[in-house]
Amino acid sequence: MGVPVCVDNDVNVLDLGELRAGIAKGHRNVILVKVGTGIGSGIICDGRLHRGAQGSAGDVGHIQVVGDENVICRCGKTGCLEAVAGGGALGWAGDALAREKVSARLAEQLASRGRIEAADVARAASQGDPHSLELMMRSGRMVGQMLSGLVNFFNPSLVVIGGGVANAGDAYLAAIRGVIYERSMPLATRELAVSLGALGDLAGVHGAAAMVLDELFVPDHFARWFDTRSPATLLASGVMASHSAVA
Ligand SMILES: [Zn+2]
């Protein structure tokens, strides 16, 4: 690119955005889970993004959940959360309900558009279709099952739910909350909040900007830029942030 480029994955940048400018402001230990086609999480530990030894921290979509151990995931393993509760799984399940004419609303959607995606299931659920609602609640309970383990392990003060599937409405959030509060230890949930993100699609932009500022102005990072070029050159040339979702 000819200029310094900062790259990170979408959930890390979303989490950083909510931490600096959104619902997680003032918190120091936060887990953000993005439920879209895939499922992933960003972890803020003691006020800083935790990436792990190899940068793979938070890859929660491939944690095995109880209930559908035989479903094969795109990673090659079976029973992964993402394979049974992610947007892809919801789309497939909704498509089956439509083709079998179990859900009249989804069958109508299939007839007009030719396919069913997770967003269709989420919309039908928010409009009162009981079959779609059951699919969404099941997904929410499985995400909650995974999160209850994380809450016991990590003791965050806030869990943020984001991503396209999370736009399904309060029932989805309630399903996740219900399992976390039921399955996590009382001390870990005494002050725990479970909320939707505040910034929506802008969280990634805020997070990418925060990431660049961190890279520039945190002293040990700043020294890295100094090694290769003067600050004046750096600022004159501009600094670019990029990640898979924002870019
Ligand atoms: Zn997997």
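User: I'm new to this one, so among contacts between residues at least 6 apart in sequence, what share join residues at least 24 apart?

Analyst: In this predicted model, 62% of the contacts between residues at least 6 apart in sequence join residues that are at least 24 apart.

User: OK, and what is the chain made of, in terms of helices and strands?

Analyst: The chain holds 11 helices and 7 strands. Of its 247 residues, 46% count as buried, and the accessible surface comes to about 12,500 Å², with 55% of that belonging to carbon and sulfur atoms.

User: How are the strands arranged in the open sheet?

Analyst: The open sheet is formed by 5 strands in the order β4-β3-β2-β5-β6, and the pairing is mixed. Its edge strands are β4 (48–49) and β6 (193–196), each of which pairs on one side only.

User: In what sense do β5 and β6 pair?

Analyst: Strand β5, which covers residues 158–162, pairs with β6 in the parallel sense over 4 bridges. If you want a place to look, valine 160 has serine 195 in β6 as its bridge partner.

User: Let's move to β2. Is leucine 32 buried or exposed there?

Analyst: Leucine 32, which has its place in strand β2 (residues 30–35), has a relative accessible area of 3%, and because buried means under 20%, leucine 32 counts as buried.

User: What does leucine 32 touch?

Analyst: Leaving out residues up to four places away in sequence, leucine 32 touches Val11, Leu14, Asp15, Glu18, Gly40, Ser41, Gly42 and Val160. Valine 160, in that list, is also the residue whose bridge partner in β6 is serine 195. As for leucine 196, its C-alpha atom is separated from that of leucine 32 by 9.3 Å, although the two residues are 164 apart along the chain.

User: Which residues have the most contacts inside the largest nonpolar core?

Analyst: The largest nonpolar core has 43 residues, and those with the most contacts inside it are Val33, Met136, Val143, Met146, Leu147 and Ile161. Helix α6, spanning residues 130–154, gives the most to this core, with 9 residues. As a general point, nonpolar side chains tend to be buried together in soluble globular proteins.

User: Can we zoom in on methionine 146? What does it touch?

Analyst: Apart from residues up to four places away in sequence, methionine 146 touches Val33, Val60, Ile63, Val65 and Leu81. There is also a second, separate core of 20 residues, which includes Val13, Ala203, Val212 and Leu216.

User: Now charges: how many salt bridges does the count come to?

Analyst: The count comes to 10 salt bridges. One of them joins the side chains of aspartate 8 and arginine 51, at 2.6 Å from N to O. Aspartate 8 lies in strand β1 and arginine 51 in the loop between β4 and α2 (81–85), so this pair ties together parts that are 43 residues apart in sequence.

User: How accessible are aspartate 8 and arginine 51?

Analyst: Aspartate 8 is buried, with a relative accessible area of 12%, whereas arginine 51 counts as partly exposed at 34% relative accessibility.

User: What about glutamate 82, which residue does it form a salt bridge with?

Analyst: Glutamate 82 forms a salt bridge with arginine 74, and their closest N and O atoms are 2.5 Å apart. Here glutamate 82 counts as buried at 7% relative accessibility, while arginine 74 counts as exposed at 71%.

User: Which residues are linked in a network of salt bridges?

Analyst: That network links Arg113, Asp120 and Arg123. Within it, aspartate 120 forms a salt bridge with arginine 113, the closest N and O atoms being 2.9 Å apart; aspartate 120 is buried at 3%, and arginine 113 counts as partly exposed at 40%.

Terms used: Residues numbered from 1 in each chain as written. Predicted model: local features only at pLDDT ≥ 70, side-chain atom pairs only at ≥ 80, totals over all residues. Heavy atoms only, no water. Core = buried A, V, L, I, M, F, W, Y, C linked by side-chain atoms within 4.5 Å. Buried < 20%, exposed > 50% of the residue type's maximum accessible area, 1.4 Å probe, protein only. Helix = DSSP H or I, 4+ residues; strand = E, 2+ residues; numbered from the N terminus. Contact = heavy atoms within 4.5 Å. Pairing = 2+ DSSP bridges. Areas by Shrake-Rupley, 256 points an atom, 1.4 Å probe, with all protein chains shown as cover. Salt bridge = Lys/Arg side-chain N within 4 Å of Asp/Glu carboxyl O.
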